[in-house]
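Hello,

Here is the structure I promised to pass on. My notes follow below it.

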Amino acid sequence: MGYAVEMKTDTLNLYTDYLISHIGYATATGLSSLLDGEISHDKVTRFLSERVYTGKDLWQQVKSSVRQIEGEAGVLIFDDTIQEKAWTDENDLICWHYDHVSGRTVKGINLLNALYHHNGVSIPVDFRLVHKYPFSELQTRAVKRKSEFTKNELMREMINTSISNQLKFRYILMDSWFASKENFEFILKKKKQFVAALKDNRLVALSAEDKEQGRFVRVDSLELLDKESVRGWLKGFEKEVLLVRRVFTNKDGSTGKLNLVCSDLTCDGDTIAAFYQKRWKVEEFHKSLKSNAGLAKSPTRTVTTQNNHVFMAIYAVFKLECLKIKHKLNHFALRMKLMLKASRMAYDQLQILKTA
């Protein structure tokens with residue numbers, strides 16, 4: 001798998017290689033210095049400022065690689081992540097977002113990703129950044145911020161885009177944040193299937209009669225074994241679904257439970273559990289974005305340059321995935337190899353300076 005290079009500039013590859021190989025903050029001056037001035041810091045700054053790079057640009061870069069590995073058994077995984085930027089000035093992009101993982105509101109960038117996974121390969125195919133614009137409340141006149149679109153609306157837009165791009169997939173995987181009636185109906189209307197986690201308080205009925213009579217119970221009250229499935233109905237959703245329980249043993253010896261829902265009635269509990277296990281790939285992707293591609297390590301100040309740095313970080317992780325396939329090493333092992341090489345060169349240079 002090689003890198004697609006349909007963008008106009010080699011600066012894309014220079015900047016993303018810099019993100020992968022660099023420790024610390026990524027700056028235009030730092031990249032210029034690394035290349036001994038072969039590219040000016042002004043050129044890098046202009047590259048980051050000239051226009052906003054979007055999911056469409058990402059698709060153009062990864063499309064040829066996706067076509068090499070895609071298949072009907074591929075899955076499309078959606079999840080968002082928040083990169084805290086507590087000390088950066090607030091704007092339409094870097095502002096306050098509710099983090100449903102930590103259960104608190106944090107200041108930073110909220111990024112929604114669509115990750116395509118097939119045959120052990122994970123490629124980002126689309127992304128959206130949540131922008132929140134200021135408005136004044138009528139009663140208090142307090143200035144607050146609000147996004148024009150919810151993350152669920154953005155996800156549905158991304159599903160449409162992936163279908164328009166003729167991406168081959170059948171299942172959409174998502175956590176409980178995106179497990180809404182509107183999303184489920186939309187996915188089925190597009191002739192796709194879903195596997196999603198459910199919050200413990202979601203109400204379900206296990207028979208058509210119970211559904212008609214309004215006899216619903218909490219999904220976490222169902223007595224199911226690990227990977228056991230049962231047919232049922234979610235309250236407010238008309239289609240019959242499969243409900244599956246996952247049971248885990250935590251590191252401290254305690255037992256954890258996860259409730260799953262699947263729209264494909266031909267599946268069994270083992271198959272649904274295996275599908276949802278693939279959702280972990282997006283967690284790995286987000287971890288690599290933050291640890292290996294410098295997602296937070298940019299002193300950019302404008303919305304455009306901040307947006308484009310995020311785009312570059314996503315593309316950098318895609319490049320790491322290509323290298324993973326080629327060298328049979330995961331993202332972290334690849335980057336460690338680079339860091340060890342750099343440390344060795346620095347050590348050797350130090351010995352030269354000591355004897356000069």
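**Two residues to start with**

Glutamine 68 is exposed, with a relative accessible area of 51%. (Exposed means over 50% relative accessible area, buried under 20%, and partly exposed in between, using a 1.4 Å probe and protein chains only.) This residue is found in helix 4. Helices here are DSSP runs of H or I with at least four residues, strands are runs of E with at least two, and both are numbered from the N terminus. Glutamine 68 and alanine 274 are 206 residues apart along the chain, and their C-alpha atoms are separated by 24 Å.

A word on provenance. This is a predicted model, in which local features need pLDDT of at least 70 and side-chain atom pairs count only at pLDDT 80 or more, while totals for chains, interfaces and linings use all residues. Residues are numbered from 1 along each chain as its sequence is written, and side-chain values use heavy atoms, with hydrogens and water left out.

Histidine 309 lies in helix 10. It counts as buried, at 2% relative accessibility. Leaving aside neighbours within four places in sequence, histidine 309 is in contact (heavy atoms within 4.5 Å) with Tyr15, Leu19, Ala26, Gly294, Leu295, Lys297 and Ser298.

**Helix 1**

How much of helix 1 is buried? Of its 11 residues (11-21), 8 are buried, so it is mostly covered. The buried ones are Thr11, Leu12, Asn13, Tyr15, Thr16, Tyr18, Leu19 and Ile20. Their cover includes helix 2 (28-34), helix 3 (41-49), helix 4 (55-69), helix 9 (280-292), helix 10 (303-327) and helix 11 (331-355).

- Helix 3: the angle with helix 1 is about 100°, and the axes are 11 Å apart. The two are therefore roughly perpendicular to each other. Thr11, Leu12 and Tyr15 of helix 1 make the contact with Lys43, Val44, Phe47 and Leu48 of helix 3. By class, that contact has 5 nonpolar, 1 polar and 1 charged residues.
- Helix 11: the angle with helix 1 is about 85°, and the axes are 9 Å apart. This pair is therefore also roughly perpendicular. Leu19, Ile20 and Ser21 in helix 1 meet Arg335, Leu338 and Met339 in helix 11. The residues here divide into 4 nonpolar, 1 polar and 1 charged.

Axes are lines fitted to C-alpha atoms, for helices over the stretch in contact, and angles run from 0 to 180 degrees between N-to-C directions. Under 35 degrees counts as roughly parallel, over 145 as roughly antiparallel, 65 to 115 as roughly perpendicular, and the rest as oblique. For the classes, Ala, Val, Leu, Ile, Met, Phe, Trp, Tyr, Cys and Pro are nonpolar, Asp, Glu, Lys and Arg are charged, and the others, Gly among them, are polar.

**Cavities**

The search ran on a 1 Å grid over the protein atoms alone: a cavity is a set of points where a 1.4 Å probe fits but cannot get out, a pocket is an open set with protein on both sides within 12 Å along at least five of seven lines, and lining residues have an atom within 4 Å of a point. Points are joined across faces, edges and corners, and a volume is the space filled by probe spheres set on them.

The count is 3 cavities of 30 Å³ or more.

**Pockets**

The largest pocket holds about 540 Å³ of space. It is lined by 25 residues, and Asp79, His100, Val101, Asp175 and Glu283 lie nearest its centre. Strand 1 supplies the largest share, 6 residues. The lining has 9 nonpolar, 5 polar and 11 charged residues.

The second largest pocket has a volume of about 350 Å³. Of its 22 lining residues, Arg128, Leu129, His131, Leu154 and Glu157 lie nearest the centre. Strand 4 gives the largest share, 5 residues. By class, the lining has 10 nonpolar, 7 polar and 5 charged residues.

Best regards
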